[in-house]
Amino acid sequence: MTTAPAHTPYDGSSKPFAIGLKPIGFERWIEIDAHYPAYLQEKRRLYAQVPEKVFVAEPGTEAAQQEVSDLIAGHLHRHFPNLPAVPLPEPAGNALREHPLYRASLRVQEDLILMRRGETGWRLAAGSLCFPSSWSLREKFGRPLEQIHVPVPGFGPGSRPDQLIARMFDALSPDQLMERYNWSIQAGDALYLPLSDEARDERAASRPSKFPDGDLAARAFIRVERQTLRKLPSSRDVLFTIRIHLDPLKVLAGHPERARLASSFAAQLAALDEEQLDYKGMTADRDRLVEHLLSMTDNG
């Protein structure tokens, strides 16, 4: 049985390619749902098979990693006291077990990215990224924000969004928690979707369909990223969490607000320009997706 989506940023509440950060209460920081065991099992699988692709850490980040681990442990104790244990075997010879961020990542469904301020600005200093939405953790490791955002339309070095984000990171207080959303559409329900910058450029040049068999309605999934930002009290690093939600596109057909959601979703897709569509890998499929969504707005 398919449940209703937990978040619907495509309803117009979050605009694509906008910063869109909003303050929220700390009680809403971490999300736990019925998929909790499956997410942790998938993290374990990736750590065992491709550890170098899903975990990075600079020397000297250990104290900040422990700070993250302690914050997560305290939050789960307060807000999810009856969280079921997920007994999963520890791979033999696992070198990651010494990293507090690794251990913390296996208690939540979120990915955890640690940003640190340096001479070049805020850089990616450590991270557990098991569920990337078309980017590469290893490729971005050690890079400042302005370089990380180079492929994002409108967010490159020197752009107004790039400058605003840097100032927001600087001004963020430990007593603030910020939230934003992003969305895309993918074929199938895979959580692990890495993509290098080179592969993104190749995809933009060839513009392949995600649904070459034409079975869009059955295979399309909405991928929603719920992102939070908080500054750590002791290290003053910024913790960036990313929670992935996957919903079949067809779930909207049975939603009580079907027409409103589908209409807004179609409008947001239709408004994306060529560069934005290429970035999301939806150039070849946008028109079909819009048509399919608009068919859900019929009352019949």
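Ala, Val, Leu, Ile, Met, Phe, Trp, Tyr, Cys and Pro count as nonpolar here, Asp, Glu, Lys and Arg as charged, and the others, Gly among them, as polar. With that in hand, welcome to these close-ups of a predicted model.

**View 1. The largest cavity and its lining residues.** The structure holds one cavity of 30 Å³ or more, and the space in the largest cavity comes to about 50 Å³. Around the largest cavity you will find R203, A204, R207, P208, D278, G281, M282, T283 and A284. Sorted by kind, this lining has four nonpolar, two polar and three charged residues.

**View 2. The largest pocket, with 43 lining residues.** About 1,000 Å³ of space lies in the largest pocket. Look for S133, W135, N182, E225 and Y279, the lining residues that lie nearest the pocket's centre. Elements giving two or more residues to the lining include β3 (111-118), α7 (160-171), β6 (220-231) and α11 (274-280). The biggest contributor is β5, with seven residues. Overall, the lining of the largest pocket divides into 26 nonpolar, eight polar and nine charged residues.

**View 3. The largest nonpolar core, a set of 77 residues.** The residues with the most contacts inside this core are I113, M115, L249, L252, F265 and L269. Among the elements, β7 gives the most to the core, with six residues.

**View 4. A closer look at L269 and its contacts.** Which residues does L269 touch, leaving aside its neighbours within four places in sequence? They are W183, I185, M282, R286, L289, V290 and L293.

Terms used: Residues are numbered from 1 along each chain as its sequence is written. This is a predicted model: local features need pLDDT of at least 70, side-chain atom pairs count only at pLDDT 80 or more; totals for chains, interfaces and linings use all residues. Side-chain values use heavy atoms; hydrogens and water are left out. On a 1 Å grid over the protein atoms alone, a cavity is a set of points where a 1.4 Å probe fits but cannot get out, and a pocket is an open set with protein on both sides within 12 Å along at least five of seven lines; lining residues have an atom within 4 Å of a point. Grid points are joined across faces, edges and corners, and a volume is the space filled by probe spheres set on the points. Helices (H or I, at least four residues) and strands (E, at least two) are DSSP runs, numbered from the N terminus. A nonpolar core is a set of buried Ala, Val, Leu, Ile, Met, Phe, Trp, Tyr and Cys residues joined through side-chain atoms within 4.5 Å. Buried means under 20% relative accessible area, exposed over 50%, partly exposed in between (1.4 Å probe, protein chains only). Contact means heavy atoms within 4.5 Å.
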